[in-house]
Amino acid sequence: MSGILRRSSDLCRGLFVLIVIATSLFLSPPVFAAVPSDIESNLSITIGGAEKQVSLAEAMAALNVPAVSIALIDQDRIAFARAYGDGVTPDTLFQAASLSKFVAAVGAMRLVDQKRLSLDTDVNAALTSWKVPTNSFDKDHPVTLRGLLSMTGGIAVPGFIGYEFGVPLPTLTQILNGAPPANSPPITVIGVPGSAYHYSGGGYEIMEALMVDTLHAPFPEAMDALVLKPAEMAHSTFAQPLPQDLAAMAAKGHYGDGKELPDGFRVCPEHAAAGLWSTPSDLANLLLLVGRAWRGESRLFLARRRAGRGKPRKMAVLMGSERPSATLPAPWSS
């Protein structure tokens, strides 16, 4: 078992969420039983260019991280969930940032299983509210859902910084067009689809539009029905901004120097790319369900061929824990 303590610089990440995932999710179970002390000491961090072995509490202090929430998967179960810091519990909501993409991708793949979306057709054939602007890059190689999921679709805009409370929020179409009040550039094709890997939150916003146009429902509602409720993710929501009744249960965001964000957190209307609020336990439970689908033990979410049969490395790519090469096959290849 291993874990990585990492400080976030993305303003939409809230405080800091750490999920430790045992390799038994897809492979053979380990022989040991995981306990909280495994991640509370002997952590390696780098301060001022020097690597140090410290406890979790010492790492949090050194990196100005006021709160940490952890869930650990061991032998196809959540072995334990712990929260460290003032005012947080394992049920405290954190901004999940780019882990939103994993949850959104599961929703999209459920629609593929239902034959409501296709992995390999031109997304413009299904988009109705907006179209991917065509140019010389995608003239002979259309943008597909497979390319969006694997970030090989040649799509621009790697990430989003969110918005302060109270300012006008852009619609999905304004985000896609880079039109005011959006604070991000237009989402366009900047490379031949399928030719290279480009980290792209913008691609997941195209996927969001594809799902919204297909279901004729707001994305948060669609994801409630497709993923959050079936997976019993009771402490998760794509609602943006966070409703007042949930805000009291949410961790406040902080900059890298430990200073709290104005109004506590940023609003991220780019739902599929960065809009999820969740807990490590909720995300770990979804990982368990996907792992069981991959092993052929459950069809609650995905047919085995859609869960990455025989290719566990692809799940690591989708989770953002590995940067793939341009030649890495797309997740969930049939």
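Which residues touch the most other members of the largest nonpolar core?

## About the model

This is a predicted model: local features need pLDDT of at least 70 and side-chain atom pairs count only at pLDDT 80 or more, while totals for chains, interfaces and linings use all residues. Residues are numbered from 1 along each chain as its sequence is written, and side-chain values use heavy atoms, leaving out hydrogens and water.

## The nonpolar cores

Val 103, Ile 206, Met 207, Met 211, Val 227 and Leu 286 touch the most other members of the largest core, which has 58 residues. A nonpolar core here is a set of buried Ala, Val, Leu, Ile, Met, Phe, Trp, Tyr and Cys residues joined through side-chain atoms within 4.5 Å, and buried means under 20% relative accessible area with a 1.4 Å probe, protein chains only. Among the elements that give two or more residues to this core are β4 (68-73), α3, α6 and α10 (280-294); helices are DSSP runs of H or I with at least four residues, strands runs of E with at least two, numbered from the N terminus. The largest share, ten residues, comes from α3.

Apart from this core lies another, of 15 residues, including Val 54 and Ile 70.

## Where α3 meets α6

Helix α3 (residues 99-113) and helix α6 (residues 201-215) pack at an angle of about 40°, with their axes 11 Å apart. Axes are lines fitted to C-alpha atoms over the stretch in contact, and angles run from 0 to 180 degrees between N-to-C directions.

Met 211 is in contact (heavy atoms within 4.5 Å) with Ala 104, Gly 107, Ala 108 and Leu 111, among others, leaving aside neighbours within four places in sequence.

Terms used
Buried means under 20% relative accessible area, exposed over 50%, partly exposed in between (1.4 Å probe, protein chains only).
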